[in-house]
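This report concerns the structure shown below. Please view it together with its sequence before reading on.

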Amino acid sequence: MSRWRSLGLLAPGLLVAALAGSRGVAATALTPGQVATDELFGLVLLFALAIGILVQVLIVVAVLRFRKTKGRSAGVANPKTHDAKLEAAWTIVPALILLVVGIATFQTLAVTDTVPEDADVTVYVIARQFQWEFHVLNETGVWTNTTTEFTVKVGQTVKILLVSEDVAHSLYIPDFRLKIDALPGTTNVNWFQAMEAGDFEIHCAEFCGVSHYTMAGMLHVVP
Ligand SMILES: [Cu+2]
């Protein structure tokens, strides 16, 4: 095996090792939405990786096999231009991959976009330049009004109703894979159920002005 060929075969291996390593430090189950989203990401990554490696290997093989060498400067005399079986395969296989990814996506949406009718806690969130305001209504009918941070308990289903007072913002809790647009004149609804206690960062994920970067907060999940 030539040096170049072994290099070409080594690259996909290194990529797989790197990705396997990064999956190894994946977060624990924090919310049903986070688990469903991460599973879908893993599935799509698997297909993307397989296709990426296949393409890279084919490129390396083609480059090595058809490169100009001593005594060979012209291409193949009668190159094959049609192969019914090959064409059927590269049509059917991607169609099946899309079908699997499509079904898995709808299964994920069934978790992330099905807001519980009778949530334990309702949080009305107002986004403005450059602050989050939270009005938390718990199951006993008590309101807690805060800015920047709010608190819920482990296991509570939390419904979020989100509006903006000025420009477009986006409520982002990275650990929960939860990102909701905050738009003036519209109320966007979403939900989560924290399965672990902890402090989870909140960020604005829509550039909303010069102090956009300061629009951060914290979600406290207590036992
Ligand atoms: Cu913002």
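Strand β6 (residues 169-173) runs antiparallel to β7, and five bridges join the two. Within this pair, H169 has A182 of β7 as its bridge partner. Strands count as paired if DSSP finds at least two bridges between them; strands (E, at least two residues) and helices (H or I, at least four residues) are DSSP runs, numbered from the N terminus.

The model is a predicted one, in which local features need pLDDT of at least 70 and side-chain atom pairs count only at pLDDT 80 or more, whereas totals for chains, interfaces and linings use all residues. Residue numbers start from 1 along each chain as its sequence is written.

Both strands belong to an open, mixed sheet of five strands, ordered β4-β10-β9-β6-β7.

| Edge strand | Residues |
|---|---|
| β4 | 149-153 |
| β7 | 178-182 |

Helix α2 (residues 32-65) packs against helix α3 (residues 84-112) at about 170 degrees, with axes 9 Å apart; axes are lines fitted to C-alpha atoms over the stretch in contact, and angles run from 0 to 180 degrees between N-to-C directions. The two helices are therefore roughly antiparallel, a term for angles over 145 degrees.

Confidence is expressed as pLDDT, the predictor's value for each residue from 0 to 100. The protein averages 90, and 88% of the residues score at least 70. The mean is lowest in helix α1 (residues 3-24), at 52, and highest in β6, at 98. Where pLDDT is low, the predicted coordinates should not be read in detail.

Notes. Angles under 35 degrees count as roughly parallel, over 145 as roughly antiparallel, 65 to 115 as roughly perpendicular and the rest as oblique.
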